[in-house]
Amino acid sequence: MSHHAHTHGTPNARHAWRSVAIGVALAVAAILAAASGAAAATCPGQCQTIASSPLVVKASADTALQVYYGGDTAGQVYSPSNEHGSSGTYVVAGGRFFGPGADVPYTEVGQTGVAGDGSAAAPFTVTTTVDLPGTTLRITETVRMVAGQPYFRIDRRITNAGTAAVPVSVFAYADLYLRGSDRGFGYFDPATRSIGGQTPAADFFQIFVPITPASHFEEGAFSTVYSRMRGVATGGPPLADTFLAPPDPANVVDNGAALQWDVRLPARGSRTVASFWSFGTTPQVPAAPPPDLATTIPSPQTIRSGPARVTTPRRISIRSLRTSRCVLTKVVSSRRARVLVTIFSGIRSRRLFGADLVTFRRPGRKIVCIAVPRRARTFDARTRLRVAVGVALGAVDRPGEARQPRLAPVIRPIRLVP
């Protein structure tokens, strides 16, 4: 099989990958492996090696990853002979395309060594930090892997140090090399919106599994997927939410795959997007852990009542209720006021879930966490859950003064899902 240099269509070919005849590449890799093992090889530039089984991961300091499966000496990302794989985290911000080998390469800030012992309690971890030059943005990316699992997790925290909110598109991308095959069909799991590729014989799979729900996905010719990501910077369409399915032989292509998250970074704030990357002779689609309601507001909704704005979940999974101690809620008031936030089930709050009274003696913002009662763990998806916001103007009712006006409560549903 002949191979080509993957330049992803970049005019200046910043990251033209080394193209080596496959026979020579595998021979060299075999000699290196015999001498010191695939895990001991050195990446170009700074990198860390997470050596486990069935996966060995080479994490470069620009977020590029190369992965070895089942003791193979050839990588699962093009070019298989290059330990700096054609993959990684890419970002569109301010009309520019950032990433390893992209139009604007990242500024490498630092990378930790490998921590943890590979257990579920202390997985192997490597954290890589990069800046997006000319912006106020920084990515802190953590790769986590448990020994024995055919997948690993990538958490990407994007921080905005500026004083204005910034919309960004974040991508997880790889030019797939499917255990010796540079061509394959696509793979899509509709239940989780996971995207990846499979060999023509359907005997090996690579899959991106979103943990943070993705905005879009795409599998297809690697150059098409890469160009689509890059085109978002100039106002082009997002990833196409398509894949090239078997068994049509015309759908066997030199393929790549990507997930896309469209997020808005608040001023001096951050957002995290996470995904699994799995490998196996059968499709590996690990279940995403439920969000911790004490630290995140999934599917947020904003409820307005007079001077108050309250942000709570619009949808809560039963799994997350059973594992979280409280429900995070953001309360903002533009005036002195008392804001009562109540989550309840049943009719007319006869079964109280929890409540918190937030007092503002001046305009401001407060974060509260409404405790999850033990009986909430018995809820199912048929349970009717609601949130009510009641507001009394003024921070206190003073003796001898007229009672401060109380606004009618605003009630919204919170949908429970499995």
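1. Arg 179 lies in the loop that runs between strand E10 (166-175) and strand E11 (185-189). Helices (H or I, at least four residues) and strands (E, at least two) are DSSP runs, numbered from the N terminus. Although Arg 179 is not a glycine, its phi is positive, about 45°. With a relative accessible area of 35%, Arg 179 is partly exposed, a term that falls between buried (under 20% relative accessible area) and exposed (over 50%), using a 1.4 Å probe and protein chains only.

2. The model is predicted: local features need pLDDT of at least 70, side-chain atom pairs count only at pLDDT 80 or more, and totals for chains, interfaces and linings use all residues. Residues are numbered from 1 along each chain as its sequence is written, and side-chain values use heavy atoms, with hydrogens and water left out.

3. Arg 193 is found in the loop between E11 and strand E12 (194-198). Its phi is near 55°, a positive value in a residue other than glycine. Arg 193 counts as partly exposed, at 34% relative accessibility.

4. Most residues other than glycine have a negative phi, and most peptide bonds are trans. Which bond joins Ser 53 and Pro 54? A cis peptide bond does, with omega about 10°. Pro 54 sits in the loop between strand E1 (47-51) and strand E2 (55-60).

5. Pro 246 and Pro 247 are likewise joined by a cis peptide bond, and omega there is about 10°. The loop holding Pro 247 is the one between helix H2 (222-232) and strand E15 (255-265).
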